[in-house]
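I opened a new notebook page today.

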Amino acid sequence: MTGTLTGVSASSVPDYEWLFARTRAGRERGPGAARALLDALGRPDARFRSVRVVGTNGKGSTCAMLDAGLRAAGVRSGRFTSPHLTHFEERVRVDGDPIPPAETAAFIAWARAHGGDAAFFDLTLALAARVFAARGVEVAVMEAGVGGATDATQALENVAAVALTNVALDHVGVLGSTVAQIARDKAGAARPGVPLLTTAAGEALDVIAEVAAGVGAPLLTPDTHPDLFALPRPPRLEGPHQVRNAALAAATLRTLGYAAGVEGALDATHPGRLERFTVDGRTVLVDGAHNPHAAQALAVAVPRADVLLFGNLARKDTGATLAPLLAVAARRVFTAPGDLATPPQDLAAQHGGDAVPDPALALAHALALTPPGGTLLVAGSLYLAGQTRALLGGA
């Protein structure tokens with residue numbers, strides 16, 4: 001196996017079909033496969049500092065704020081997040097900009113020859129690390145996929161801090177059926193001597209504190225270090241939950257010595273998180289809330305809308321995710337953001353509303369139901385958020 005992409009012949013058009021087909025199904029979870037890829041590439045992750053961002057919700061927004069803060073502090077930054085909303089290259093950014101498809105194409109050509117049986121997420125992580133090292137990134141913000149100890153990002157070397165947003169029930173078939181079990185896996189991202197910052201609370205925080213103490217990771221919270229988590233003003237991203245994410249980003253920046261970037265972090269934007277569009281005098285709010293905890297936060301941020309457009313994947317707890325949003329809007333349109341979606345016909349029959357499986361037709365129908373000057377809320381899936389943004393002309 002070779003550690004560089006030198007000599008790899010690749011079309012400038014990436015073979016996305018091959019990459020997307022490499023699902024986790026049948027492959028063992030954990031950092032082993034990712035570590036093997038990184039080693040084969042010559043340990044690029046050792047050439048920059050990483051900030052791992054783990055948690056149930058808010059990871060993407062926290063990553064966006066951290067990335068913006070690092071750039072505001074004059075740091076050459078990288079950002080690895082998932083999923084993408086419109087284009088694959090959104091997952092890997094350098095100084096805020098997505099990488100060009102040609103870099104993806106070259107990596108896929110290398111991976112087909114040298115990547116063994118690695119899964120999609122492991123490959124994407126390795127691509128990010130390779131790009132960050134080659135482009136001279138100083139600090140990379142690395143979003144975990146699922147969990148902490150069992151996630152591929154656990155393979156990363158040179159981790160400077162771990163930011164843990166919160167813990168709630170999600171991915172229960174993988175991480176555990178209780179908050180305590182999920183918290184233990186996510187807190188497993190802790191490393192000896194590496195600051196672990198979190199805005200988690202309650203039972204989850206108790207477990208996180210136990211794990212941190214066990215490995216010797218300094219634990220920083222709003223209660224133990226209020227000055228670190230203090231905000232000079234609210235963030236640009238809307239919703240009370242974003243205040244917590246912003247506090248975590250600010251505390252992480254200050255801990256790493258980049259306090260000068262806090263103002264920049266608060267100015268960060270992040271597509272698909274209460275993103276506003278205007279269509280023929282109607283406001284469209286697009287949010288990727290896709291589990292009960294995120295939906296509850298969204299219902300607090302948007303207590304009233306005229307119409308709800310909702311679609312959720314069947315592997316999620318669709319009923320619990322939809323429940324807090326039912327009171328937001330009396331008129332509902334249900335759709336299918338992919339082949340693995342909860343059937344919209346079932347949701348319409350159970351909760352009242354219209355079933356329009358095609359997302360484009362569903363959006364048109366929902367807009368027609370929304371009165372002039374009214375508000376349409378789109379939620380239930382990051383995939384639906386991406387589809388809606390594309391239909392509305394989101395960049």
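My entries follow, one topic at a time.

**Ground rules**

I am working with a predicted model, where local features need pLDDT of at least 70, side-chain atom pairs count only at pLDDT 80 or more, and totals for chains, interfaces and linings use all residues. Residues are numbered from 1 along each chain as its sequence is written, and side-chain values use heavy atoms, with hydrogens and water left out.

**Entry 1: salt bridges**

Side chains of opposite charge can pair when their charged atoms come close. I used this cut-off for a salt bridge: a side-chain nitrogen of Lys or Arg within 4 Å of a carboxyl oxygen of Asp or Glu. How many salt bridges does a search of the whole structure find? I noted 16.

I looked up aspartate 117 and arginine 22. Their closest N and O atoms are 3.5 Å apart, a salt bridge. Aspartate 117 sits in the loop between α4 (101–114) and α5 (120–134), and arginine 22 in the loop between α1 (16–20) and α2 (32–40), so this pair ties together parts that are 95 residues apart in sequence. The element names come from DSSP runs, numbered from the N terminus: helices are H or I with at least four residues, strands are E with at least two.

Next I checked burial. Buried means under 20% relative accessible area, exposed means over 50%, and partly exposed is in between (1.4 Å probe, protein chains only). Aspartate 117 is exposed, at 56% relative accessibility. Arginine 22 is buried, at 11%.

Then I turned to aspartate 67 and arginine 79. They meet in a salt bridge of 2.9 Å, N to O. Aspartate 67 is in helix α3 (residues 59–72) and arginine 79 in strand β2 (residues 77–80), so the pair ties together parts that are 12 residues apart in sequence. Is aspartate 67 buried or exposed? Aspartate 67 is buried, at 1% relative accessibility. Arginine 79 is buried too, at 7%.

I also found arginine 130 with glutamate 103, at 3.9 Å between the closest N and O atoms. Arginine 130 is in helix α5 and glutamate 103 in helix α4, 27 residues apart. Arginine 130 is partly exposed at 26%, while glutamate 103 is buried at 17%.

Salt bridges link Arg35, Asp39, Arg43, Asp45 and Glu157.

**Entry 2: aromatic pairs**

A pair of aromatic rings is described by the distance of the centres and the angle of the planes. Rings of Phe, Tyr and Trp (its six-membered ring) pair if their centres lie within 6.5 Å; planes under 30 degrees apart count as stacked, over 60 as edge-to-face and the rest as tilted. By this rule I have 9 aromatic pairs.

Phenylalanine 20 and phenylalanine 88 are edge-to-face, with 6.1 Å centre to centre and 65 degrees between the planes. Phenylalanine 20 is in helix α1 and phenylalanine 88 in the loop between β2 and β3 (92–94), 68 residues apart. Phenylalanine 20 is partly exposed at 38%. Phenylalanine 88 is buried at 3%.

Phenylalanine 48 and phenylalanine 132 are edge-to-face as well, at 5.8 Å and 85 degrees. Phenylalanine 48 lies in the loop between α2 and β1 (49–54) and phenylalanine 132 in helix α5, so the pair ties together parts that are 84 residues apart in sequence. Phenylalanine 48 is buried at 1%, and phenylalanine 132 is buried at 0%.

Ring pairs also join Tyr16, Phe20, Phe88 and Phe120 into a cluster.

**Entry 3: helix α2 against helix α5**

Here contact means heavy atoms within 4.5 Å. The residues in contact are Ala33, Ala34, Leu37 and Leu38 of α2, and Asp122, Leu123, Leu125, Ala126 and Ala129 of α5. I sorted them into 8 nonpolar, no polar and 1 charged. For that sorting, Ala, Val, Leu, Ile, Met, Phe, Trp, Tyr, Cys and Pro count as nonpolar, Asp, Glu, Lys and Arg as charged, and the others, Gly among them, as polar.

Which peptide bond is cis? I noted the one from serine 82 to proline 83, with omega near -10 degrees. Proline 83 is in the loop between β2 and β3.

Arginine 43 is not a glycine, yet its phi is positive, near 55 degrees. Arginine 43 lies in the loop between α2 and β1.
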